[in-house]
Amino acid sequence: MITVKNLCKSFNGVKVLDNVSTRIEKGEKVAIIGPSGSGKSTLLRCLNLLETPDSGEIWFEDKLITDPKTDINKIREHMGMVFQSFNLFANKTVMDNITLAPVKLGLMSKEEAKEKALSLLKRVNLEEKADSYPSSLSGGQKQRIAIVRSLAMNPKVMLFDEPTSALDPEMVGEVLYVIKSLAEIGMTMVIVTHEMGFAREVATRVLFIEDGGIAEENPPELLFNSPQSKRLQEFLSKVL
């Protein structure tokens, strides 16, 4: 579904991604782990060009999205993105937050979008919050709404950028439960996370990013139980 070839990205002369190549197959759940500042979120944000790579190629299905002629907004309609900080519109109700994009982009009528939103809200146990405003919601509820907002676009892949890092510890579980349920229905996902237990349980493959490159990648049972590199062994000894 996504192919990354020789991706490089620098900020102010500092190389953050250095010649990264990987593939994400349809139905895979790929967790990206690594120390702070290693390039995890930058790699994720390059996948839908929220960050523009300096060089290299990114293919989504059969389209080269790093080609300036590609309409990236059309591509993003198929790539759901969930951020650390929810990014909900404070002046709109939960229902309006969810239905705005599909209606505005002409993907659904208002009624269709509302119906879809209600079924998704039921799935995350928040149907009673449809007419509430974000200010009245807990952090965990806001993040679940942010996930629903992305799902309302019927994406082919979901990108999660540390979706639990802004949450109080007791709210982390409810958000991870929703992401886990998406994994169970076969959604293709790429997740930058600090939650090692979650990565071990849900991911089909884990990438360990270090100094802007993929230092190690394996299925979770191999990566966590038999880390090959000394750097990964050190990292896991601190976080597990």
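Trainee: Is Cys8 buried or exposed?

Mentor: This is a predicted model, so every value is computed from it. Cys8 has a relative accessible area of 11%. Buried means under 20%, so Cys8 is buried.

Trainee: What about Cys46: buried or exposed?

Mentor: Cys46 is buried, because its relative accessibility is 0%.

Trainee: How many disulfides does the structure hold?

Mentor: General idea to begin with. A disulfide is a covalent bond between the sulfur atoms of two cysteines. Now this case. The structure holds 0 disulfides.

Trainee: Now the nonpolar core. Which residues of the largest one touch the most other members?

Mentor: The general idea: in soluble globular proteins, nonpolar side chains tend to be buried together. Here the largest nonpolar core has 35 residues. Ile147, Phe160 and Met189 touch the most other members.

Trainee: Which element gives the most to this core?

Mentor: Helix H6 does, with 8 residues. H6 spans 169–184. Other elements supply at least two residues each, among them helix H3 (94–104), helix H5 (139–151) and strand E8 (188–192).

Trainee: What does Phe160 touch?

Mentor: Leave out residues up to four places away in sequence. Phe160 then touches Leu44, Val82, Ile147, Ile179, Leu182, Met189, Val190, Ile191 and Val192.

Note on methods. Residues are numbered from 1 along each chain as its sequence is written. This is a predicted model: local features need pLDDT of at least 70, side-chain atom pairs count only at pLDDT 80 or more; totals for chains, interfaces and linings use all residues. Side-chain values use heavy atoms; hydrogens and water are left out. A nonpolar core is a set of buried Ala, Val, Leu, Ile, Met, Phe, Trp, Tyr and Cys residues joined through side-chain atoms within 4.5 Å. Buried means under 20% relative accessible area, exposed over 50%, partly exposed in between (1.4 Å probe, protein chains only). Helices (H or I, at least four residues) and strands (E, at least two) are DSSP runs, numbered from the N terminus. Contact means heavy atoms within 4.5 Å. A disulfide is a pair of cysteine sulfur atoms within 2.5 Å.
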